[in-house]
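These are my notebook entries on the structure shown below. I record what I looked up, entry by entry.

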Amino acid sequence: DMSAWRFRPINCFSDGTPCEDVFAPKLAEVCRDYGFSGFHGADGFNASGLLYRRIATDNITAQFLRATGLDAPEYVTRSCDGQPELQKRRMSWIWGQHRVEFTMFIRGRWKRFWMKVADSIHGIGGKCVMNSSYTRGSHAAAAFLGIDYKEIVEAGVDAIVCEAVAL
């Protein structure tokens, strides 16, 4: 699913503000106001699918190109949300020529997201937990989903709920 409508925690708003800059303090406010002991980032609060298939949205692509300074062809930079064939072409360029940079960028975005969420939750005395990604072990999650469990724990997440016995 390459649709643009779904919630993507590592997106930015139209003014460039990262989602986590609004989400994290509001989340802490809700947890405090309702007496929750913390936040469990279940499905949807980590990878949004295999990198090479699902994350070529206009928003993420624009962030990636800004962060790396790469000069991309027009078919990569033009809007193509909701147009699966154009998104596949865009992702072919990103994954085919800049796989390492893109994977590292996505890993960094998730780390930054979770750092801000964990800081906000810890600020109210809570704990921050997330699910593992698509039942993937640490190597597959980092390489194909852009989620590095070690980096996420370093960012301040207190625990990761492993969703597969094999983990």
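I looked up Trp-110 and found a relative accessibility of 1%, so Trp-110 counts as buried (buried is under 20% relative accessible area, exposed over 50% and partly exposed in between, with a 1.4 Å probe and protein chains only). I note that the model is predicted: local features need pLDDT of at least 70, side-chain atom pairs count only at pLDDT 80 or more, and totals for chains, interfaces and linings use all residues. Residues are numbered from 1 along each chain as its sequence is written, and side-chain values use heavy atoms, with hydrogens and water left out.

I then checked Phe-113, which is buried, with a relative accessible area of 0%. Trp-110 and Phe-113 make an edge-to-face aromatic pair, with 5.7 Å from centre to centre and 80° between the planes. For pairing I used rings of Phe, Tyr and Trp (its six-membered ring) with centres within 6.5 Å; planes under 30 degrees apart count as stacked, over 60 as edge-to-face and the rest as tilted. Both residues belong to helix α5, 3 residues apart, which is about one turn of the helix. Helices (H or I, at least four residues) and strands (E, at least two) are DSSP runs, numbered from the N terminus.

I counted 8 aromatic pairs by this rule. Phe-23 and Phe-113 have ring centres 5.9 Å apart and planes at 20°, so this pair is stacked. Phe-23 is in helix α1 (residues 19-34) and Phe-113 in helix α5 (residues 84-123), so the pair ties together parts 90 residues apart in sequence. I also recorded a cluster in which ring pairs link Phe-23, Phe-39, Trp-110, Phe-113 and Trp-114.

I located Asp-58 in helix α3 (residues 58-68). The side chains of Asp-58 and Ser-79 are joined by a polar contact of 2.6 Å. A polar atom of the Asp-58 side chain also lies 2.9 Å from the backbone nitrogen of Cys-80. A polar contact is a pair of N or O atoms within 3.5 Å; within protein, one must be able to donate a hydrogen and the other to accept it, and residues adjacent in sequence count only if both atoms are side-chain atoms.

I listed the buried residues of α6 (residues 138-145) as Ala-141, Ala-142 and Leu-145. They cover an arc of only 115° around the axis, which puts them on the same side of α6 (the arc is that of the directions from the helix axis to the C-beta atoms). Gly-146 follows α6 and has a positive phi, near 80°.
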